[in-house]
Amino acid sequence: MPSSSRPPSASPGEWGGARRPRRRLGLAVTAVVLVALVVAALAGDRGRIKSDERIVLFATTAHLSGDGQVWEVPIHGWVFEPELDDALRRATITVLRKTLGFDDVAAASPIVDRRLRPFVVDNQRGKRVIVEVAGIREVVGPSDDHGHFTGVVRVPVLAAKRSAEADRLIVEAHSSAHRAGSFRGSVRLVGPTGVSVISDIDDTIKVSNVLDRKALLRNTLVEPFRPVPGMPELYQQWAARGVVFHYVSGSPWQLYEPLVAFMAKHQLPAAGFSLKSFRLKDSSLLRLFADPLRTKPPALEEIFRSFPNHRFCLIGDSGEKDPEVYGVIARRYPRQVACVYIRNVTDEDPDGPRFRDALSVLERDRWQVFTDPSTLSFPE
């Protein structure tokens, strides 16, 4: 037997060659790891919120987990760079004013520029946001092409109880580039049982004149928002009796802040929002005018699924397709729909075939077409 442990057919060079591939493999792995770390660092830098960027946290509603031990807190926000001094955006706003025919009122009404600016901001994609609720921190995101990010923070019931004020929790987004408390939102803690109202906004609680495009544009972008007479008082009375509100509308998210300010001014109940995603520069522009029968039901169903033991009253108007949309939902969730109320803005026969056909799944005393809000019964 040979004295060496080397196989007879192997030469010293071949043994050295066997070691070199292993060394090369080790170097390759190390290089890959280093490249991955560099890429992660660069991606992390891109994902950070910068000093010239802003976050808006939208109001949401939280529901209890199946075992009742944890609040499922939905997070929804928007990251963008306002670029208020950007010449291109100033020029874009000028063009929009001219295109919409608002140049004549631009000087007299600063509302026009304030309402248009959110439509021309630089939405920030790929941002990861640190949010805190009741002392619990989570990273949510990344943000999409619209600058929107979503996530869920699971908050134990005891932690929520220590932090909640009047059934609300504060949601805060943290950024090392901004002072603490710069970006805050709120979430309503909604129990497993009760009565909820899902309300449209345009021509239901806010005068919009959706059927008149010129009037709609002026009411949306030029004039101060005006409440539909009697609706704030009605919603205040119902909120005082424990009704929870959710607003589901075809208005774009860019109008969220002026809508919240309008509701606060007229003491409409605070609530979770579901609006439309929209950008001037892509196909989402078409979604702004999409058929409500395609766009609204998914948002409504998400609320129904989150609160399966709630009774719902659906309130809208006859201007577009609220009767038809609510009829679809009533067919899918007959046990949960307590009532449907439709504000008559089209002067149609309240007992006419349109409403009877759309809402045929409901008993006649569970739906009403109204002009005077004071005639509406409390949803039981």
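**Reading the buried interior**

Guide: Tyr-247 is buried, with a relative accessible area of 1%. Buried means under 20% relative accessible area, exposed over 50%, and partly exposed in between, with a 1.4 Å probe and protein chains only. The model is predicted, so local features need pLDDT of at least 70 and side-chain atom pairs count only at pLDDT 80 or more, while totals for chains, interfaces and linings use all residues. Residues are numbered from 1 along each chain as its sequence is written, and side-chain values use heavy atoms, with hydrogens and water left out.

Visitor: Which residues have the most contacts inside the largest nonpolar core?

Guide: In soluble globular proteins, nonpolar side chains tend to be buried together. A nonpolar core is a set of buried Ala, Val, Leu, Ile, Met, Phe, Trp, Tyr and Cys residues joined through side-chain atoms within 4.5 Å. Here the largest such core has 47 residues, and those with the most contacts inside it are Tyr-235, Trp-238, Tyr-247 and Phe-273. A second, separate core of 25 residues includes Val-244, Val-248, Leu-300 and Val-325.

Visitor: With which residues is Phe-273 in contact, its neighbours within four places in sequence aside?

Guide: Contact means heavy atoms within 4.5 Å. By that rule the partners of Phe-273 are Ala-59, Ile-201, Tyr-247, Trp-253, Tyr-256, Val-260 and Met-263. Phe-273 has a relative accessible area of 11% and is therefore buried.

Visitor: How many aromatic pairs does a search of the whole structure find?

Guide: Rings of Phe, Tyr and Trp (its six-membered ring) pair if their centres lie within 6.5 Å; planes under 30 degrees apart count as stacked, over 60 as edge-to-face and the rest as tilted. The search finds 14 aromatic pairs. For Trp-238 and Phe-378, the ring centres are 6.1 Å apart and the planes stand at 90°, so this pair is edge-to-face. Trp-238 lies in helix H7 (residues 231-240) and Phe-378 in the segment after strand S15 (367-370), so the pair ties together parts that are 140 residues apart in sequence. Helices (H or I, at least four residues) and strands (E, at least two) are DSSP runs, numbered from the N terminus. Trp-238 counts as buried at 3% relative accessibility, and Phe-378 counts as buried at 18%. Tyr-247 and Phe-273 form a tilted pair, 5.4 Å centre to centre with 50° between the planes. Tyr-247 is in strand S11 (residues 244-252) and Phe-273 in strand S12 (residues 272-276), 26 residues apart. Ring pairs also link Phe-58, Tyr-247, Trp-253, Tyr-256 and Phe-273 into a cluster.

Visitor: Which residues are buried in helix H8?

Guide: Helix H8 (residues 256-265) has Tyr-256, Leu-259, Phe-262 and Met-263 buried. Seen down the axis of H8, its buried residues fall within an arc of 125° (taken from the directions from the helix axis to the C-beta atoms), so they line one face of the helix. The face turned away from the buried side carries the exposed residues Ala-264 and Lys-265. The cover over the buried residues of H8 includes strand S1 (54-57), S11 and S12.

Visitor: Which residues does the disulfide join?

Guide: A disulfide is a covalent bond between the sulfur atoms of two cysteines. The criterion is a pair of cysteine sulfur atoms within 2.5 Å, and the count comes to 1. Cys-313 is joined to Cys-339, with S to S at 2.4 Å. The link is left-handed, with -125° about the S-S bond. Cys-313 lies in strand S13 (residues 310-317) and Cys-339 in strand S14 (residues 337-343), 26 residues apart. Both Cys-313 and Cys-339 are buried.
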